[in-house]
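Here is a walk through one protein model, from a single residue out to the whole chain. Please keep the sequence and the coordinates in view while reading.

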Amino acid sequence: MNIINVWLALPLQKRIFSIASVLATMAFVFLLASVTMKPKMGLLYAGLDQATAGDVIARLDGLGAKYDVRGNAIYTDIKRRDSLRLELAREGLPKQSVLGYELFDDLNSFAMSSEMFDATYWRAKEGELARTILAMPNIKAARVHLGTQKASGFSKGPEANSASVTVSTSSGMTSEQAKAIQYLTALSIVGLKPEDVAVIDTVRGLIVGPGLNMPAEMGGDGEIERTAKLKENLMSILEARVGAGNARVSVSLDVDRTRESFTERKFDPESQVVKSQTTSDVSDTSSGQNSAVTIASNLPDGGGAAGNSNSERSETSETVTYEISEMVLNREIMPGAIKRMTIAVLVDDQQIIAEDGTVTTQPRTQEEITVLRDLVASASGLDEERGDVLTVRSLAFKKPEEVDFVVKPSLMEQFTEQYLWSTIQSVILGLVALLLGLFVVRPLLSQSGAATQKNLDDLSMAPELLPMSLNETPDGGQAQMGISQASEPLKLSGPVSNDPVDLLNNKASEQVDEATELLASWLSAEPKPT
């Protein structure tokens with residue numbers, strides 16, 4: 001009742017101001033509390049395909065977990081992140097975007113032909129290979145294609161004749177990684193050769209493949225790797241003299257990419273050797289009669305004249321076979337030979353520190369430049385007859401502006417960074433509560449106290465409002481109400497109020513008979529003449 005009386009006693013302007021202050025304070029507290037109670041989000045999964053991400057989000061809704069989708073990443077409450085991962089993993093989420101031998105889990109062998117089985121088998125092979133390749137460092141995505149031919153009626157089954165692997169990396173692919181993928185794919189397929197596998201980078205293009213096995217023939221180093229190694233070797237030699245950061249080296253290699261094969265056969269007729277020798281002797285002797293055919297030989301009584309004949313034949317032959325010296329040369333020139341090399345070396349000017357601490361620079365002497373040139377030429381294998389070019393210059397480097405180094409934060413700084421915002425929020429809430437008490441609640445209470453004191457002052461300044469004092473009866477005697485003298489404070493049971501009306505109500509409720517007599521005496525008393 002007291003607060004309602006005070007509220008009704010306020011003017012309209014103060015009522016509007018009080019309501020606006022309370023509403024603004026409640027809105028600010030609600031906003032601050034919502035920000036404070038908002039959970040800290042941590043990365044749950046990233047890089048999922050849309051179908052898999054949809055399954056994960058649907059399951060998070062079923063678990064009642066708070067999450068936030070930012071692009072292709074899903075964030076959730078960091079306090080529940082690990083437990084959510086375990087719960088999702090128990091249910092097989094997120095599902096693998098690349099399927100392997102899982103394709104055979106739901107396979108109905110009774111309703112599948114041999115061609116469908118073979119296609120499923122090769123799909124499973126491609127998926128398993130892609131999974132293995134994705135486990136390599138820096139590999140973000142991988143796709144494997146196997147070139148197979150349909151099995152004929154006389155073959156055991158389909159065979160893979162070639163393969164191609166397309167990969168997407170985060171920091172580039174080295175020749176060693178490409179060669180490893182090539183052998184991994186070839187050894188996983190029976191009958192497939194490593195040189196029949198092509199490895200393609202989405203940025204650099206073809207790394208290794210059929211007809212482009214240059215890194216394998218050169219010990220696993222491609223053009224980029226050879227350039228980087230040569231540059232590193234030259235830098236280590238130069239910095240040993242001029243200091244770290246005071247030398248710059250640029251290497252350019254012109255590589256021959258042609259491939260040639262030669263076969264040469266040489267014969268030396270002067271170096272003949274008897275391989276075999278065969279000698280044969282033939283002798284023949286024959287004898288007989290030689291009768292001539294005449295007219296007399298046709299007569300009945302006559303006979304032809306006949307004569308004796310003898311013959312002899314002798315023949316000797318020799319066959320000699322010689323072996324001539326023969327030399328066969330097979331030569332193959334692989335791609336990767338350096339046709340021309342260009343090297344540019346830039347060294348910083350020499351710094352001279354004076355006695356007073358001042359630093360000045362001057363170009364390096366010609367003798368020092370000559371020595372550095374000889375070192376670089378020897379380390380790089382420079383061949384001027386091949387057309388190689390080497391340039392060494394000494395110039396002053398432009399020093400970058402000095403910036404402050406980033407210092408690792410201390411434990412106190414890490415603690416402050418982690419809990420500073422929550423501390424500021426608590427302080428702001430405390431300040432809001434304090435301001436609410438000082439500027440809203442306290443003025444209302446002060447207004448209530450001021451109104452009560454004003455009522456008491458009005459009663460003390462107008463004693464004629466009461467017919468008599470509380471401790472006197474109309475005949476001048478003492479009333480039997482247990483009220484003490486005016487000089488002593490009024491003692492009542494229960495909460496004490498300074499309002500005279502409340503005092504009378506409380507006392508009348510405690511002593512009903514005495515109050516009735518007092519009121520009757522007041523009503524029967526004659527008013528005093530004014």
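Leaving aside neighbours within four places in sequence, which residues is Met-341 in contact with? They are Leu-230, Ser-252, Leu-253, Ser-380, Gly-381, Leu-382, Arg-386, Asp-388 and Val-389, where contact means heavy atoms within 4.5 Å.

The model is predicted: local features need pLDDT of at least 70, side-chain atom pairs count only at pLDDT 80 or more, and totals for chains, interfaces and linings use all residues. Residues are numbered from 1 along each chain as its sequence is written, and side-chain values use heavy atoms, with hydrogens and water left out.

Met-341 lies in strand 11, which spans residues 337-348. Strands (E, at least two residues) and helices (H or I, at least four) are DSSP runs numbered from the N terminus. One of the contacts of Met-341 is Ser-252; the two are 89 residues apart in sequence, with a C-alpha to C-alpha distance of 5.9 Å. Met-341 has a relative accessible area of 2% and is therefore buried (under 20%; exposed is over 50%, partly exposed in between; 1.4 Å probe, protein chains only).

For the protein as a whole, the secondary structure comes to twelve helices and 14 strands. Of its 530 residues, 22% are buried. Among contacts with a separation of 6 or more, 66% join residues 24 or more positions apart.

Confidence is given as pLDDT, the predictor's score for each residue from 0 to 100. The protein averages 75, and 71% of the residues score at least 70. Over residues 459-496 the pLDDT is below 50, and this stretch has 37 contacts in the model beyond near neighbours in sequence.
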